[in-house]
Amino acid sequence: MPTIQNAATRASIHARLDRLSPELKPAWGRMSAAQMLAHLTDAFKMAVGELPVAPKNRPIMRTWFFKRLFFTVIPFPKSAPTATELVSRVPDAWSDELATLKVWLDRVGKPSPTQRWAAHPLFGSLSGQEWGVLAHKHMDHHLRQFGV
């Protein structure tokens, strides 16, 4: 499974981020390109516990079977609802928001051996490796949303 914890995969994501522009329109959803960058940054902050996100009460989503199914088979749903905490921040200036996301991509993509991981609001406890896979799937979903 692709993961942002792989250097070549991370480099590919960086190259795709460089093809973004604030004028791009989404193929689905209501976020602007700048809002999408802020959303992805905040998702990284959530992963390491710097942005608390309220848990969802969906026990089936926390099972090993469903997590494996979502991480490996089920595509990221278009226009799926997200946590309010991940879409409430007003984006910074484009270049600042893009640079911040790249820093977070590298921080979560190259975690320290002592990195602690927050529980995901839907999936519950995830390992660092699972966060890396989920982060790749999430970023790929939104980059495809904007055609890159």
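**View 1. Helices α1 and α5.** The axes of α1 and α5 come within 11 Å of each other and cross at roughly 25°. Because of this angle, α1 is roughly parallel to α5 (angles under 35 degrees count as roughly parallel, over 145 as roughly antiparallel, 65 to 115 as roughly perpendicular and the rest as oblique). Axes are lines fitted to C-alpha atoms, for helices over the stretch in contact, and angles run from 0 to 180 degrees between N-to-C directions. Helices (H or I, at least four residues) are DSSP runs, numbered from the N terminus. The crossing of α1 past α5 is left-handed, a term used if the near helix is turned anticlockwise from the far one by less than a right angle. From α1, the residues Thr 9, Ile 13, Arg 16 and Leu 17 meet His 136, Met 139, Asp 140, Leu 143 and Arg 144 of α5; contact means heavy atoms within 4.5 Å. By class, the contact of α1 with α5 has four nonpolar, two polar and three charged residues (Ala, Val, Leu, Ile, Met, Phe, Trp, Tyr, Cys and Pro count as nonpolar, Asp, Glu, Lys and Arg as charged, and the others, Gly among them, as polar).

The model shown in every view is predicted: local features need pLDDT of at least 70 and side-chain atom pairs count only at pLDDT 80 or more, whereas totals for chains, interfaces and linings use all residues. Residues are numbered from 1 along each chain as its sequence is written, and side-chain values use heavy atoms, with hydrogens and water left out.

**View 2. Helices α2 and α4.** Helices α2 and α4 have axes that come within 9 Å and cross at roughly 30°. That angle makes α2 roughly parallel to α4. Helix α2 passes α4 in a left-handed crossing. On the α2 side, the contact is made by Ala 33, Ala 34, Leu 37, Ala 38, Leu 40, Thr 41, Phe 44 and Lys 45. On the α4 side, the contact is made by Trp 94, Glu 97, Leu 98, Thr 100, Leu 101, Trp 104, Leu 105 and Val 108. The residues of the contact of α2 with α4 divide into twelve nonpolar, two polar and two charged.

**View 3. The nonpolar cores.** The largest nonpolar core has 23 residues, of which Leu 17, Leu 20, Leu 37, Phe 44 and Met 139 touch the most other members. Two or more residues of this core come from each of the elements α1 (7-18), α2 (33-47), α4 (94-109) and α5. Apart from this core lies another, of 15 residues, among them Phe 70, Phe 71, Leu 86 and Leu 126. A nonpolar core is a set of buried Ala, Val, Leu, Ile, Met, Phe, Trp, Tyr and Cys residues joined through side-chain atoms within 4.5 Å. Buried means under 20% relative accessible area, exposed over 50%, and partly exposed in between (1.4 Å probe, protein chains only). Leu 37 is in contact with Leu 17, Leu 20, Trp 94, Glu 97, Leu 98 and Leu 101, when its neighbours within four places in sequence are left aside.

**View 4. Helices α3 and α5.** The axes of α3 and α5 are 10 Å apart, and the two helices pack at an angle of about 45°. This angle makes α3 oblique to α5. The crossing of α3 past α5 is left-handed. Arg 68, Phe 70 and Phe 71 in α3 meet Glu 130, Val 133, Leu 134 and Lys 137 in α5. In the contact of α3 with α5, the residues divide into four nonpolar, no polar and three charged.

**View 5. Lys 67 in helix α3.** Lys 67 lies in helix α3 (residues 64-72). Lys 67 is buried because its relative accessible area is 10%. Not counting residues up to four places away in sequence, Lys 67 touches Met 61, Arg 62, Phe 123, Ser 125 and Leu 126. Lys 67 and Gly 124 are 57 residues apart along the chain, and their C-alpha atoms are separated by 9.6 Å.

View 6. Gln 145 lies in helix α5 (residues 128-145) and is buried, with a relative accessible area of 2%. Residues up to four places away in sequence not counted, Gln 145 touches Lys 25, Pro 26, Ala 27, Trp 28, Gly 29 and Met 36. His 14 lies in helix α1 and counts as buried at 17% relative accessibility. Beyond its neighbours within four places in sequence, His 14 is in contact with Lys 102, Leu 105 and Asp 106.
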